[in-house]
Amino acid sequence: MRDRPARVLGKATRDAYGETLAALGHENPRIVALDADLSKSTKSVVFAKAHPDRFFNLGIQEANMVGVAAGMATTGLIPFASSFATFLMSKAFDQMRMAVANPRLNVKLVGSHAGISIGEDGASQMGVEDLALACALPGFTVLVPADGVSASALTRVSAEHQGPVFLRTGRAKAIEVYDERTSFRVGGSVTHHLGRDANILACGLMVAEALEAAFLAREEGFDVGVVDLYSLKPVDAAAIEAAASASGRIVVAEEHLHHGGLGSIVAQVLAERHPARMVSVDLGDRYAESGTPEAVLEAYGMTSAKILAAIRQVIRGDLVPDQA
Amino acid sequence: MTASTALSAADLRSRAPRIRADALRMIAGARSGHPGGSLSAVDILLALYMGVLRHDPARPDWEGRDRFILSKGHACPALYAVLAECGYFPRELLWTFRSLGSPLQGHPELGKLAGVEASTGSLGQGLSLGLGMMLGHRVRGIDARVHVLLGDGEINEGQVWEAALSAAHLRADRLTAIVDVNRIQLDGFTSDILELEPLADKWKAFGWEVFDLDGHNLDALLRAFADARGVEGRPQVILARTTKGKGVSFMEDNPEFHGAPPTAEELERALQELGVTHA
């Protein structure tokens, strides 16, 4: 972790998901896919082309789609239902609650276009409460990949896991973080480095930003580590505790609202197991707006620079400029 | 029950009063529950479980079984009483309805009680689940049918019509919906809360084969289920015209008994009217 991280754009997590799901379809005839007229965007279209007899486009009906997926699961199938993260979680929440979570059915829900990195389409399409909603559901596993490699691995993990899963994917090409040697599991995490001065706990696109920020902090003489908490639920509490005990200072970075996402989960674990100073980098308590992905990410603070400022704040007690 | 053990309409008719009495006893015992919509659904449930469905109470997880979903989950006292009648569990268990630790939840929950196929109670969800089961059977090559019982008030929910559109599009001909048209929902008569008629025209327009009949006529119910089985290429709906609170004079057509339990005295009168005096 001495060299500056290479910022090489790889696959979008949604592309890795679609390709991996199609491959899984060849391996397991019980895997089926559903979509609500967004298959070209969620990339379930890759599965649809490979396995047309096991693909169901329900039309623009998220609630019905989740119910249908639950019914399929009771017959021994492994359904993957995809839509935009916000439509899936917001429009079909009651169906996830009673038809999926209550009986703990083996349904996989994949929400793409999460976060604000979709850019131009604006707030109505941005999944920014999805993690809070998904984590609230009893028995749900919630997974957030950082790049194409981890998205592919976590798609496979989702298929192999028995029980409901919410997998979050994004539209934007993701900076490559992992190679094929890294392994991923439900309840796991990846500790890139444990720092003595502070540790950044991140998920999704913010992992690459965290690695960049940790490098910049080290240039300033701070020993800062990064932990990718890709499994929000169940979360790797031991990894959070290790990060807190190594440094006593935590920065959480996520492409999600302030309430109910990774920051809330980490704060709860810290309070229960190892109280530590914590600063959050997230979207706050507001919706974002249209713009190029780069401009929107910059404007709403989803950057390594913002994480670096948070590192300085948590270490020195500096004030970070107000997000608004 | 296989087709060979299916009961006649006359035999089903003879069992109906005790099923109604059991449902009312459960609700009175729990001091909560939904008598009106339970009583209206009894004949439909009896026809299905003892005259139509291919199922085996000794093997509730048999992959080839026909499925039934009580989408109007609040009518579960009637479902539980019929499941006990079929032998899914001992009848004594009925008296634990809604008590802490009982598998007989206030609304049905999948995984808690043998014979219950879905967690329902949040209205509007059952038809989607049934469609998913039917498609699952299709993908897996399982030869079975799926039946979903909806309330007429329940079909206020938009999700029902999402599922209705999809089922017709997907040519879900092994899916049969039954609407318990008892004309009353919690706050009053359906015609006052949200008009549903012309109901048959709506389902026809959505691409369903419609059977419109008296939901307390067991001969008519058995005939409709048999005819529905013969329909190819599209799903079927049975509009079962029923009386809310059927069988108990002071509950019939009375919105007050949608979700209020009978008092001990009312239960006694109800049992007398049903001709069921002892457990």
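The structure is a predicted model, in which local features need pLDDT of at least 70 and side-chain atom pairs count only at pLDDT 80 or more, while totals for chains, interfaces and linings use all residues. Residues are numbered from 1 along each chain as its sequence is written, with chains lettered from A and ligands numbered from 1 in the order in which they are written.

Chain A contributes 24 residues to the contact and chain B contributes 22, two residues being in contact if their C-beta atoms, placed from the backbone, lie within 7 Å. On the side of chain A that touches chain B, the elements giving two or more residues are helix H4 (62-73) and helix H6 (93-101) of chain A; helices (H or I, at least four residues) and strands (E, at least two) are DSSP runs, numbered from the N terminus. H4(A) supplies the largest share of this side, eight residues.

Turning to chain B, five strands form an open sheet in the order S1-S2-S3-S7-S6, with parallel pairing; two strands pair if DSSP finds at least two bridges between them. Strand S1 (67-70) and strand S6 (209-214) of chain B each have a single partner strand and stand at the edges, so one side of each is left without a neighbour in the sheet. S1(B) pairs with strand S2 (residues 146-151) of chain B in the parallel sense over four bridges. Within S2(B), B:Val148 is the bridge partner of B:Ile69.
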